[in-house]
Amino acid sequence: MAAGMPEELYPFKLISMIRKRGTSEISLDGQFEIGGKALGLLNAREMLTEINSVDVPGIDIDIPDMVVIGTSVFDAFMERNPLAEIAFSTVKDNRIAHAFQQATIPFEVLGDLRNLLEKWSMPLAIRSSGLLEDSMQQPFAGVYLTKMIPNNAVDLETRFQKLVEAIKFVWASTYFQVAKDYCKATNLDIHTEKMAVIVQKMVGKRHQNRYYPELSGVARSYNFYPVKPAKPEDGVVSLALGLGKTVVDGGKTWTYSPKYPTIPPPFKTIQDTLQETQNEFWLVNMSEEYEYNPIKETEYMLQENIQTAEKDQVLEHLVSTYDLETDRLSMGMGGNGPRVLTFAPLLHLRTIPFNNLVNQILQALESRLSYPVEIEFAMTFNPHCFSLLQVRPMKIPKDSLVISEDELTGANTLIASKHVLGNGILENVQDIVYVKPDCFDLKLTKQIAMELENHNKRLLAENRPYVLIVFGRLGTLDPWLGIPVTWGQICGARVIVEATQDNVIVELSQGSHYFHNIINLDVKYFSMPYSQPYRIDWDWLQRQPVEHEGVSTRHVNLDQSLTVKVDGKNGWGIIYNNELKTPA
Amino acid sequence: MSVIQDVIANLVEKEIGQPEFIQAAIEVLHSLEPMVPKHPEFIKAKIYDRIVIPDRVIMFRVPWVDDNGEVQINRGFRVQFNNAIGPYKGGLRFHPSVNLGIIKFLGFEQIFKNSLTTLPMGGAKGGSDFDPKGKSDNEVMHFCQSFMRELYRHIGADTDVPAGDIGVGAREIGFLYGYYLKIVNANTSVLTGKGLEYGGSLIRPEATGYGAVYFAQEMLATRDIDINSKTCAVSGSGNVAQYTIEKLIQLGAKAITISDSNGTIVDEAGIDQEKLQFILELKNYRRGRMSEYAQKYKVPYFENKGVWDVLREQNIKVKVAFPSAHENEIDQNNAQALVNNGCYCVSEGANMPSNLDAVNVFLNHNVLFGPGKAANAGGVAVSGLEMAQNSIRMTWSREEVDQKLQVIMKNIHRNALEASETYGRKGNYVVGANIAGFMKVAKAMQAYGIV
């Protein structure tokens, strides 16, 4: 039998291939093989004791019970099954997943897993916890997969099978394409990755055949896409109804700064708010009807409309109500009408000191770990229970990303600005679509929108990311202020530059019209207000080879890639042209 | 040089830095060319010269304190353009783009829009460069109160009655009206777009859709055609489209299409009351996609295609079209396909859904074409009806408001048609609407002498 951790000595149980050698030694061994996420939660557990419950009355705070299957089990699994060849190959993810399903889990841990399921018959989350996540302080958010299982079959054998399938699925995800790409992009060697697995009691309540938490979310103590008046260090929180998949997958969420909880996301109109707020949520399907597919992440998950949640009576703290007659939102559920997930009772009416708690946790974790953090959490109400699910380090701007004043005005600079959203370096862009400065006229913005759509369609079809340079307020409703495009018409742009010139001196949108897409797709967004001294090097741009010429726009294809650098900490950014070497 | 050209040249010379206003004035003035020779009295009274200059422009500072205790300052505007036919009436826009040129442009257009409704409403517009987007409720309230602290002395039930516009919805109207009430202590109809509890009118969400159908009914009546049993196409699935379909069902017509940003459904059996209920539930409550309609009722669904593309590609015949989704949704090809497939009436529920080429196709093929400024005037009309109810201290039932809306749409149609006939473009509602709107104001101005 594999060594298990005595529960009273260690907050999480560990299932390991390493033989028991005494409690303290095992503790050290255990820490070594539990991976980044589990270690993060271990640190967080100690931190939670520092939270002052006086400031957050009425909320129980915990980390759901969990068992970690150590990396020694993963090592044994990989050694005893002929998986290495397919794992490191370039075959499709589903073939890797199938191969892992065919393989056998080390027999030494089977007893522990069965014992676990004898005690736990509630829905479980099977999560990854890779060693690289810890040692490299890389977030790996959304890179490895999580599987939720209902774990409610009548017989233990069925539940055991489902658990084993889920563990193998999470292990397989170590080698999926997105993980390989991520390692490549971050200079990590995927061969060194070892995957521990967290088996965690799922937070939520059962409503007939539906199991889900009322609230889930992600909070970050640093935000590269702050919306005024928030600053990057004020952080950001994204909230959703139901399972956190909505947030992690970049679905419709309510995003706000924990320093300014009553300031809503920058929606243009009430109708935008209705369109852009969450109306479907994820849950675990507790019925016996599901499509058997052990290599599908959502095998036991379903999406339901917010109306189902209203029937389940879980919206009390989460919604406002839209009044069709007066076109107005009222906080709470006092009136009849569509419910809108604004989380106003929590954030405006403070029915529960939720935002205080999030602030406290972020501050405590950041000061304990000495770097910005990202947490994932879930909540159930009545009684109110806040569960911390994950703690991850945040990728913060490194020293090399600090942009100096000299660089902004350097000779090899195509574009520079001190009003830039995003963070990091982008080096694979060779195409630029721009609005011609000499013939730009606000009278023509509707036609320009059509031209941009055509460029976007063509470049998307050819899978070519591009820099988009426009004048005025991009995405405005008012064609006299800028180009009235919808996100779909420019969605292939990886860098967007909103510029001004003598005949377009307007307040720029600074990304607010598409903030959700920009955040999710990590688009670098340059704003160049008329008042700042930096200008685009039009002379250089107009010398570049033209691939498509429109009436008011032009698409140029460069011989070499551009280098786009954004210092997210200061909000400064720079785009180097391809003729001069980028400074080290 | 014609008198119109003179006025335009003068405007370009004097109104420096207001390109939006100049553009709007040029468009309106050009559309009046057919009537100029018939009305030398307007030239004599310099009506064209006078109408492009506002009665007065009010500009003021709007200081307020944000949630961090910082003092913020915005610019406030109210351009009272013309009150020849009634109290100034026009929206307030809160948006960072707002400047004097934009407000003048909007106020100028409002004169003719209001006049066309046949209700006694002059033209005005106002607003501020304040951006409510991303502001807390408290900040919006503080701003609105500061805005009203100056505006209150310039408005009144018989003087100037602002309404909402971009950035000014029910929340802002509530804050503005609440503060007016506080400082003036008079519960009068000084704003429209109010909540039902404090003076708002019923039928506001329905007005534009119902109005577009009434306008189509009137156009068809000129050719002795009854809309009953006619196959109709409706685009969009917002308020306008939903209530267009509701009214079509009530009148016995058959709407066969509806769309959202993801695609279009074609239900050749017609959307009946039960199906419409499903749509209302789907779009307003579930906020789901039209593909769910296709699944439920087993009808074709065309993903990522608009109604007019689908009708063209599938050669589907409709008699009446109600473009109710967005600007420029019908281009020349789609317009030609509609004509080829037997469409003889188009009533625009949205603002400028047919582009210029499409409009020309309709006019050249003798299609009854109701331009948005006339066909979708139902919304403005209900603002007028809100003022009327407030003035007589009465609240009309849904049926009463709907009945009055129908009368207004009939009047708009009659005036536009008569104007088109008088000036030699019979049945051209584009020309007719522009001239009808202008004529009423011009005649009133002339009656007042030189003031």
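A crossing of two helices is left-handed if the near helix is turned anticlockwise from the far one by less than a right angle, and right-handed if clockwise. By that rule, α16(B) and α17(B) cross in a right-handed manner. Helices here are DSSP runs of H or I with at least four residues, strands are runs of E with at least two, and both are numbered from the N terminus.

This is a predicted model: local features need pLDDT of at least 70, side-chain atom pairs count only at pLDDT 80 or more, and totals for chains, interfaces and linings use all residues. Residues are numbered from 1 along each chain as its sequence is written, while chains are lettered from A and ligands numbered from 1 in the order in which they are written.

**Confidence**

The predictor gives the complex an ipTM of 0.74 and a pTM of 0.79. Chain B has a mean pLDDT of 93, with 100% of its residues at 70 or more. pLDDT is the predictor's confidence in each residue, from 0 to 100.

**Domains and interfaces**

Domain bounds come from an automatic or database domain assignment. Chain A has domain 1 (1–33 + 65–202), domain 2 (204–396) and domain 3 (399–576). In chain A, 19 residues of domain 1 are in contact with 17 residues of domain 2. Contact means that the C-beta atoms of two residues, placed from the backbone, lie within 7 Å. On the domain 1 side, α5 (93–102), β6 (147–149) and α8 (156–172) of chain A are the elements that give two or more residues. α5(A) gives the most, with four residues. That side divides into ten nonpolar, seven polar and two charged residues. Ala, Val, Leu, Ile, Met, Phe, Trp, Tyr, Cys and Pro count as nonpolar, Asp, Glu, Lys and Arg as charged, and the others, Gly among them, as polar.

Chain B has domain 1 (55–191) and domain 2 (205–366). Their centres, taken over C-alpha atoms, are 34 Å apart.

Between the chains, 30 residues of chain A are in contact with 25 residues of chain B. The chain A side has 15 nonpolar, seven polar and eight charged residues.

**Helix pairs**

Axes are lines fitted to C-alpha atoms, for helices over the stretch in contact, and angles run from 0 to 180 degrees between N-to-C directions.

| Helix pair | Angle | Axis separation |
|---|---|---|
| α6 (137–151) and α7 (170–184), chain B | about 45 degrees | 9 Å |
| α16 (378–391) and α17 (398–422), chain B | about 120 degrees | 10 Å |
| α2 (35–48) and α14 (354–369), chain A | about 120 degrees | 10 Å |

α6 and α7 of chain B pack at about 45 degrees. That angle makes α6(B) oblique to α7(B). Angles under 35 degrees count as roughly parallel, over 145 as roughly antiparallel, 65 to 115 as roughly perpendicular and the rest as oblique. The crossing of α6(B) and α7(B) is right-handed. α6(B) contributes Val140(B), Met141(B), Cys144(B), Gln145(B), Phe147(B) and Met148(B), and α7(B) contributes Arg171(B), Glu172(B), Phe175(B), Leu176(B), Tyr179(B) and Tyr180(B). By class, this contact has nine nonpolar, one polar and two charged residues.

α16(B) and α17(B) pack at about 120 degrees, and are therefore oblique to each other. Gly378(B), Ala381(B), Val382(B) and Leu385(B) of α16(B) meet Val401(B), Lys404(B), Leu405(B), Ile408(B) and Met409(B) of α17(B). Seven of these residues are nonpolar, one is polar and one is charged.

In chain A, α2(A) and α14(A) also cross in a right-handed manner. Asn43(A), Ala44(A) and Met47(A) of α2(A) touch Ala364(A), Leu365(A), Arg368(A) and Leu369(A) of α14(A). The contact of α2(A) with α14(A) has five nonpolar, one polar and one charged residues.
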